[in-house]
Amino acid sequence: CTGNGICKCRVCECFPNFTGSACDCSLDTAPCMASNGQICNGRGSCECGTCNCTDPKFQGPTCEMCQTCLGVCAEHKDCVQCRAFDKGEKKETCSLECMHFNMTRVESRDKLPQPGQPDPLSHCKEKDVDDCWFYFTYSVNSNGEASVHVVE
């Protein structure tokens with residue numbers, strides 16, 4: 001019974017939190033917990049302590065890896081560009097499409113928030129419409145509020 005139960009009359013009687021004919025299936029969902037607090041990132045089911053990702057784009061132990069998804073930086077680049085510099089593809093629709101984050105301007109790259117804070121943080125380096133690099137960070141706090149710091 002893989003050490004997770006007692007064999008009685010050639011049948012495993014599993015300890016609590018285990019199931020299966022050989023008690024080899026853990027009912028513990030902790031290994032399936034994604035960083036956002038959802039089981040399997042809300043994109044799969046936890047079976048025997050392992051995520052079975054139902055959304056084919058997502059994979060990995062907690063269904064958080066997506067090779068084909070746009071990165072956080074590319075996804076928010078146009079909105080950061082129009083909010084911070086009043087240019088780019090979303091310049092005309094900026095006030096409609098790009099108000100979903102709080103924005104803070106900083107003087108230089110060393111003034112950007114650094115890794116090690118409690119909220120997940122992405123450091124971004126993107127090109128603007130004039131082929132110049134601009135730098136920003138994107139983070140989301142535990143209340144789901146997005147925050148952008150952009151270098152002037």
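Visitor: What radius of gyration does the chain have, next to a compact globule of 152 residues?
Guide: Keep in mind that this is a predicted model. A compact globule of 152 residues would come out near 15 Å.

Visitor: What box do the C-alpha atoms fill along the principal axes?
Guide: Let's start with the domains: the chain is divided into domain 1 (5–66) and domain 2 (70–151). Their centres, taken over C-alpha atoms, are separated by 36 Å. As for the box along the principal axes, it is roughly 75 × 30 × 25 Å.

Visitor: Which pattern does the chain follow along the sequence?
Guide: Count the pieces, and you get two helices and twelve strands. Reading along the sequence, the order is β-β-β-β-β-β-β-β-α-α-β-β-β-β.

Visitor: Which residue in the hairpin of S5 and S6 takes a positive phi?
Guide: Strand S5 (residues 44–47) and strand S6 (residues 50–53) run antiparallel, joined by four bridges. Across the pair, Ser45 stands opposite Asn52 in S6. The hairpin has two residues between the strands, and the positive phi, near 55°, belongs to Cys48.

Terms used. Residues numbered from 1 in each chain as written. Predicted model: local features only at pLDDT ≥ 70, side-chain atom pairs only at ≥ 80, totals over all residues. Heavy atoms only, no water. Pairing = 2+ DSSP bridges. Domains from an automatic or database assignment. Rg over C-alpha atoms; globule rule 2.2 N^0.38 Å.
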